[in-house]
Amino acid sequence: MIKEAEIVCPPGQQEDEAVLTALASTAINIPQKRIKGFKVLKRSIDARGRKVLYRMQLSIYIDEPYTPEIYNHQYKNVKDAKPVIIVGAGPAGLFAALQCIGQGLKPIIVERGKDVKQRRRDLANINKQGLVNPESNYCFGEGGAGTYSDGKLYTRSTKRGDVTGVLKTFVAHGATEDILVDARPHIGTNKLPQIITAMRESILNAGGEVLFDTKVTSLLVSFGKMQGVQLANSEKLMADAVILATGHSAHDMFRMLHAQGILIEAKPFALGVRIEHPQEIIDRAQYHCEYRGPDLPPSYYNLVEQVDDRGVFSFCMCPGGIIAPCATAADEIVVNGWSPSKRNNPFANSGTVVQINMEDVKGDMADPFRMLDFQQKAEHLAFKAGGGNLVAPAQRMVDFVERRVSANLPVNSYLPGCKSVDLIEVLPDWIHARLRKALPAFGRKMKGYYTNEAILVGVESRTSSPIKVPRDRETYQHPQVAGLFPCGEGAGYAGGIISAAIDGVNCADGVARFFA
Ligand code: FAD
């Protein structure tokens with residue numbers, strides 16, 4: 001017999017089998033000796049009351065043993081199957097490739113960047129010398145923007161597809177099973193590269209192909225049908241189906257599509273800054289205590305405020321994290337955040353951005369690059385204000401609201417360094433004004449948040465794609481080109497690792513239907 005029950009337990013005991021068995025026994029009123037095992041279904045931290053607790057949903061096995069599930073995917077061999085070209089090895093591309101194999105199709109991934117190992121050197125150059133390799137950086141290379149990301153795996157887009165299936169695929173490739181039960185699953189930058197490597201090995205072992213340092217420069221289209229892709233090394237790759245999963249930072253791909261007469265559209269996004277606090281300020285506010293202690297993880301927050309008709313919200317919050325330089329060109333500043341699996345850095349950072357509507361940005365309404373140009377302007381201004389070498393413009397929080405250039409900046413995690421400026425030099429005035437109103441309001445919601453110990457670093461601009469590549473809702477194909485499947489975050493169908501992965505799966509299913 002199996003019964004489900006919710007239990008609460010004090011921090012530090014959430015993995016202690018004896019404690020959990022005793023709590024389960026009380027919850028279902030069955031003697032402990034009859035409980036032969038249990039499976040954790042959900043686990044979350046409840047910090048609403050004065051005492052912080054773990055809340056857990058259990059499946060309790062009574063008089064029968066619990067056999068743990070083994071997560072191990074078997075892939076069929078597709079070496080000689082029909083080829084599908086997948087441009088981009090981000091989460092969308094990798095999951096599309098695995099799903100193609102499941103559908104009996106041979107994925108050929110074409111990736112402009114390097115494999116995860118070689119990519120590391122380019123990240124070191126970015127952080128230590130402020131040098132950006134436009135083909136290999138935090139956004140480009142094996143695993144895409146997902147590899148050296150934070151690896152938070154929660155998503156609001158559960159309706160789009162099989163979230164649990166995506167999480168199980170991560171577990172089958174080396175992620176811990178915790179991600180299947182935690183309310184806020186997280187992998188961490190240090191663990192993602194091995195997982196991505198294991199996914200590549202699954203693709204290769206099944207007879208798929210992965211080409212690194214190989215950039216697609218144009219699509220080969222004949223009479224409205226996909227034929228293949230042209231590579232920068234002047235070779236051509238031929239296939240009747242191409243999944244285009246090039247991410248939101250491949251601006252050259254958007255320009256290439258437009259130049260080829262393939263329809264793209266401008267799309268709204270959000271822009272702002274990354275804000276960093278000492279982690280202990282966030283812990284004090286969220287856990288209502290002076291010191292978090294060893295039994296609780298660094299805490300997070302989620303803040304939103306409506307200011308003058310626009311949403312201002314925190315985004316991609318990284319407890320115990322680092323602010324990362326995520327530019328893809330030498331003359332721009334783009335910040336984002338990551339954290340290691342233990343989240344043991346002393347800072348908490350979060351993107352804090354203002355929603356931009358289409359009518360907010362002036363220019364030719366028919367110009368598909370209107371929003372992208374607006375995004376790039378802020379990134380270039382940030383570079384100029386920082387003075388070069390990826391030094392980022394920054395300001396203390398209260399100084400920002402009170403319009404003072406900070407006399408000095410707090411110690412922070414952004415490795416290329418920060419320069420004290422008035423961020424009005426970088427942000428459009430209507431975004432600046434809304435952020436100035438939102439921050440004290442956030443402080444009223446969360447004690448300690450509004451403080452001059454916090455630093456604002458500009459600019460958080462790649463929140464989502466400023467361009468959409470249209471596709472049919474049913475077939476997932478571009479309306480003008482049969483066999484072209486716009487996919488993932490860059491095409492405007494995802495915002496984060498899980499939704500990009502799900503979109504990859506959906507596009508691969510679309511390809512299978514196209515070939516059927
Ligand atoms: P991408 O991951 O951008 O992959 C696109 C790939 O296409 C890249 O590898 C690129 O090199 C390749 N490519 C581009 N053009 C070409 C071409 N012409 N030829 C060949 N290849 C090409 N999301 C979360 O859900 N949780 C997080 O915690 C999180 N943290 C993040 C932290 C950081 C620092 C960053 C940068 C991002 C983070 N994200 C996070 C966002 C997440 O990484 C992206 O949403 C996700 O990677 C998008 O997946 P994608 O496959 O659509 O595109």
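Leaving aside neighbours within four places in sequence, which residues is valine 242 in contact with? They are Ile85, Val87, Leu219, Met226, Val229, Gly483, Leu484 and Phe485; contact means that C-beta atoms, placed from the backbone, lie within 7 Å.

The model is predicted: local features need pLDDT of at least 70, side-chain atom pairs count only at pLDDT 80 or more, and totals for chains, interfaces and linings use all residues. Residues are numbered from 1 along each chain as its sequence is written.

Five strands form an open parallel sheet in the order E6-E5-E4-E10-E22. Strands (E, at least two residues) and helices (H or I, at least four) are DSSP runs numbered from the N terminus, and two strands pair if DSSP finds at least two bridges between them. Strands E6 (209-211) and E22 (484-486) are the edges, each pairing on one side only. Neighbouring strands are turned by 20° against each other on average, direction ignored; axes are lines fitted to C-alpha atoms, for helices over the stretch in contact, and angles run from 0 to 180 degrees between N-to-C directions.

| Helix | Strands touched | Angle |
|---|---|---|
| H2 (residues 91-102) | E4, E5, E10 | about 160° with E5 |
| H11 (residues 497-515) | E4, E10, E22 | about 165° with E22 |

The largest nonpolar core has 133 residues, and Ala96, Val242 and Ile243 have the most contacts inside it. Such a core is a set of buried Ala, Val, Leu, Ile, Met, Phe, Trp, Tyr and Cys residues joined through C-beta atoms within 7 Å, where buried means 20 or more other C-beta atoms within 10 Å of the residue's own. H11 supplies the largest share of this core, nine residues.

Methods: Contact = placed C-beta atoms within 7 Å. Buried ≥ 20, exposed ≤ 12 C-beta atoms within 10 Å, placed from the backbone.
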